[in-house]
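Here is a friendly briefing to read alongside the model. Please keep the structure open and look up each residue as you go.

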Amino acid sequence: MLRLTLKNLRANKVRFALTTLGVTLAVSFVVSAFVLGDGLRSSFGDVSEEITSGVDLEVRPLSDFGDPPPLPRDLVDVVAGVDGVVDAVPAVESEWDAIQVIGGDGDPITTAGPPQIAYAWSENTQLSNFTLAGGSAPEIGEFSIDLDSALENDLVIGEAYDIVTPIGRETLTLSGTSSFGSENETLGALLVQFNADEAATLLGIDGVNTISVQIDDGADVATVMAAVESALPDVEVVDGETVASETSDEFLGEIGIVSNILLGFGGVALFVSMFIIYNTFAIVLSQRTQELGLLRTIGADAKQIRRSVLGEALVIGALASAAGIAGGIGVAKGLTALFNATGGSLPDSPTIVATRTIIASLVIGVGVTLLAAVGPARKASTIPAIAALRGGSEANKPGSRTRIVSGFGLFGGGIIAGVIGLAGSGSMATTITLMASGAIGVFLGVTLLSPMAVGPITRILGWPLARMSGVAGRMAQQNAARNPRRTATTAAALMIGLALVSTALIVGQSIKSNFGTTLEESAIAEYYVTDQLVDVDFPLDFADALATSDVVDDFAGFRYVETRIDGELSTMIATDFNQIAPLLDTDIQEGDLGAGTVNPVLIAADHAEETGLGIGDVVTSEYANGTFVESTITGVYHDEALIESNFLFDESTFDAAGDRTGYEWFALNLDDAASVATIEASIAEWEELVPAADIETSEQFRDRVEALIDETLAVVNIMVALAVVIALIGIANTLALSVFERTRELGLVRA
């Protein structure tokens with residue numbers, strides 16, 4: 001039986017290759033997720049070690065949530081005076097992309113993905129991530145930059161360059177170049193260093209972010225940590241291992257998102273492949289009915305027949321898994337190139353094929369193939385020998401009672417799971433699980449029930465073909481209806497692929513349509529100022545420049561701060577209620593903006609209904625600096641799509657809390673009497689102050705966001721296309737096998 005199994009594989013090379021290809025493509029996607037993820041983890045792991053190496057202790061401010069307030073600079077001397085401490089260095093670091101370097105040609109330097117970050121220069125080589133590569137360390141009015149960024153952007157030591165910082169645009173002289181670690185492994189980031197006495201001022205930080213501590217070689221880390229905690233009871237002190245672990249986890253969280261997306265597409269591809277494998281084995285075994293019957297008459301039992309069929313599946317799965325490992329490496333490289341080509345950026349990373357990746361590919365490839373082959377194998381082993389020898393044992397009935405009950409059960413269960421998931425009553429993970437389970441249930445249910453619809457559908461869709469093509473058309477119509485199960489299963493693989501494409505297009509178009517409608521109905525400002533970079537606040541003086549401009553009639557900025565209300569953490573939004581009316585229609589259903597009220601706040605209609613809060617109630621918001629502020633609800637708004645928050649605060653609340661978070665975006669109306677030349681000159685002046693700012697009309701803003709949605713969907717559709725390709729391979733395989741099955745019939749027609 002083993003020799004017969006292998007001989008059957010060799011005798012049907014084309015069928016064998018097509019079946020193996022479908023599984024190989026699916027396994028490749030799964031392997032690429034592991035290869036790409038492991039490579040990025042290795043690269044970022046090395047960076048994490050470079051960042052944290054040499055730090056024995058780190059002193060940082062206490063905070064339960066949000067961005068904690070900086071530490072007072074005088075605490076550095078307190079830490080330095082603790083027994084066992086060799087040196088204490090103030091660590092000042094900007095948020096990612098909070099700075100931007102302007103090149104010699106006047107254009108801002110971009111990194112297309114990796115961030116631009118600024119640090120305070122430290123002379124302590126053990127605690128510092130940087131060493132001097134050329135020139136000199138930065139003094140007041142100077143800066144240094146990592147060696148690769150200087151070379152790539154033709155920056156010359158001794159020349160003056162503009163740098164946009166959180167406090168505005170500054171002109172500084174390039175004093176030298178630096179190396180991040182021994183090999184300057186920046187992974188494409190641009191790293192700037194300011195003088196330690198000037199860094200906090202340039203970055204708008206009132207103090208220091210953290211304090212890095214070096215202890216005596218013979219000192220006990222725990223003892224020194226306890227001494228520092230005793231000297232500074234209101235701070236948090238952690239050891240170097242904790243710092244390294246947290247830094248690594250921060251990087252790995254982003255990598256995990258990419259890996260999970262790839263694994264999701266790999267799972268879809270495997271799901272589609274199962275239909276192909278099932279169909280292939282069902283057709284092949286149908287063609288070999290008499291052969292299997294003959295084997296039964298000469299002594300082969302049902303178990304041997306099943307083992308023979310599953311043996312073929314095992315060989316296909318093993319070879320497909322092995323090929324999938326090589327294919328996964330190629331897919332990982334291709335995805336990296338795809339991300340880079342579409343405006344993103346993934347750093348160069350080593351190709352790592354871990355033992356876990358090999359085991360996973362074998363388990364997935366072999367497991368899926370065997371699972372898909374179990375049904376046809378069981379069916380082949382249960383056909384009586386005499387009936388098999390007579391031929392015609394293939395069941396052409398559209399469905400048994402078990403099939404119908406199972407189909408309706410899966411379809412109904414899938415609908416219920418999908419509805420519960422759409423309701424969004426649980427966590428994000430629960431919602432995704434329910435939606436995925438619902439989709440699988442619906443697909444399987446439709447697949448089981450669809451054979452009953454093959455007859456009517458082929459009669460309707462085949463009627464024009466039969467009318468136009470005569471006998472050939474009628475034969476095509478009848479052959480499609482002759483085996484309803486085969487026709488339905490073949491169509492199921494393509495159904496899944498097309499469903500994914502349709503879903504991506506519908507979701508994308510819905511998002512664009514909803515965004516356009518919201519912008520048109522609620523955002524009534526003429527111009528919007530947004531940042532090309534992600535999660536970066538505008539410099540404080542930029543808001544003043546917009547507000548005091550002669551060409552600006554109405555102006556409002558929007559600040560986003562994480563706060564805690566009634567024990568629930570959420571990002572809240574604040575703006576100036578005195579300026580918002582001509583710029584944003586909040587669709588206030590009850591009450592008003594609360595003119596004359598101290599710290600007014602609006603509440604979203606849905607949240608008001610859930611909590612029972614209403615006009616006149618007082619809510620207390622807690623901030624990261626430990627401040628509590630009471631605000632009075634003065635109105636209930638309906639349009640949550642644009643505001644995306646349960647509450648909309650007046651800026652006075654954030655100011656009362658001592659929060660100086662900058663603005664995320666601005667809305668403004670310009671003076672109708674201002675000339676086009678004056679407006680263009682003002683916009684040029686603003687863009688000169690902050691080159692990263694996008695100053696656009698409402699139409700330009702909408703078009704740009706819709707273009708970003710299209711770019712994202714393009715990447716998704718490229719990966720979804722894999723499922724469609726696999727489905728098309730399955731259809732080609734099924735048609736080829738069907739034609740082979742009808743060789744004598746087609747020969748008779750030719751005769």
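**Aromatic rings and their surroundings**

Phe-654 has a relative accessibility of 0%, so this residue counts as buried; buried means under 20% relative accessible area, exposed means over 50%, and partly exposed lies in between (1.4 Å probe, protein chains only). This is a predicted model, in which local features need pLDDT of at least 70 and side-chain atom pairs count only at pLDDT 80 or more, while totals for chains, interfaces and linings use all residues. Residues are numbered from 1 along each chain as its sequence is written, and side-chain values use heavy atoms, with hydrogens and water left out.

**Ring pairs**

- The structure contains 10 aromatic pairs; rings of Phe, Tyr and Trp (its six-membered ring) pair if their centres lie within 6.5 Å, and planes under 30 degrees apart count as stacked, over 60 as edge-to-face and the rest as tilted.
- Phe-649 and Phe-654 form a tilted pair, because their ring centres are 6.0 Å apart and their planes meet at 35 degrees.
- Phe-649 is at 0% relative accessibility, so Phe-649 counts as buried.
- The rings of Tyr-663 and Phe-666 are also tilted, because their centres are 5.2 Å apart and their planes stand at 45 degrees.
- Both Tyr-663 and Phe-666 are buried.
- Elsewhere, ring pairs join Tyr-528, Phe-558, Trp-665 and Phe-701 into a cluster.

**The whole chain**

- The chain has 22 helices and 21 strands; helices (H or I, at least four residues) and strands (E, at least two) are DSSP runs, numbered from the N terminus.
- Of its 751 residues, 45% count as buried.
- How much of the contact total comes from residues 24 or more positions apart? Such residues account for 81% of the contacts in the chain with a separation of 6 or more, where contact means heavy atoms within 4.5 Å.
- The mean pLDDT of the chain is 81, and 90% of its residues reach 70 or more; pLDDT is the predictor's confidence in each residue, from 0 to 100.

- Ser-631 sits in strand E18 (residues 628-637).
- Is Ser-631 buried or exposed? Its relative accessibility is 0%, so Ser-631 counts as buried.
- The side chain of Ser-631 makes a polar contact of 3.2 Å with the side chain of Thr-653. A polar contact is a pair of N or O atoms within 3.5 Å; within protein, one must be able to donate a hydrogen and the other to accept it, and residues adjacent in sequence count only if both atoms are side-chain atoms.
- Leaving aside neighbours within four places in sequence, Ser-631 touches Asn-599, Val-601, Asp-617, Val-618, Val-619, Phe-649 and Thr-653.

**A four-stranded sheet**

- Four strands make an open sheet in the order E2-E10-E1-E11, with antiparallel pairing; two strands pair if DSSP finds at least two bridges between them.
- At the edges are strand E2 (85-91) and strand E11 (235-239), each of which pairs on one side only.
- From one strand to the next, the twist averages 20 degrees; axes are lines fitted to C-alpha atoms, for helices over the stretch in contact, and angles run from 0 to 180 degrees between N-to-C directions.
- Helix H6 (residues 221-231) packs on this sheet and touches strand E1 (57-61), E2, E10 and E11, with its direction at about 170 degrees to that of E11.
- Six bridges link E2 to strand E10 (residues 210-215) in the antiparallel sense; Asp-87 has Gln-214 in E10 as its bridge partner.

**Strand E13 and its partners**

- E13 (residues 552-565) pairs antiparallel with strand E20 (residues 665-670) over six bridges, and Val-552 stands opposite Leu-670 in E20.
- Strand E14 (residues 568-575) runs antiparallel to E13 and is joined to E13 by seven bridges; here Ile-565 stands opposite Glu-568.
- Two residues lie between E13 and E14 in a hairpin, and Asp-566 in the turn has a positive phi of about 55 degrees.
- Strand E17 (residues 618-622) pairs antiparallel with E13 over two bridges, and Ser-621 in E17 is the bridge partner of Ile-565.

**An exposed helix residue**

- Val-405 lies in helix H12 (residues 401-423), and at 56% relative accessibility Val-405 counts as exposed.
- The C-alpha atoms of Val-405 and Leu-449 are separated by 9.1 Å, with the two residues 44 apart along the chain.
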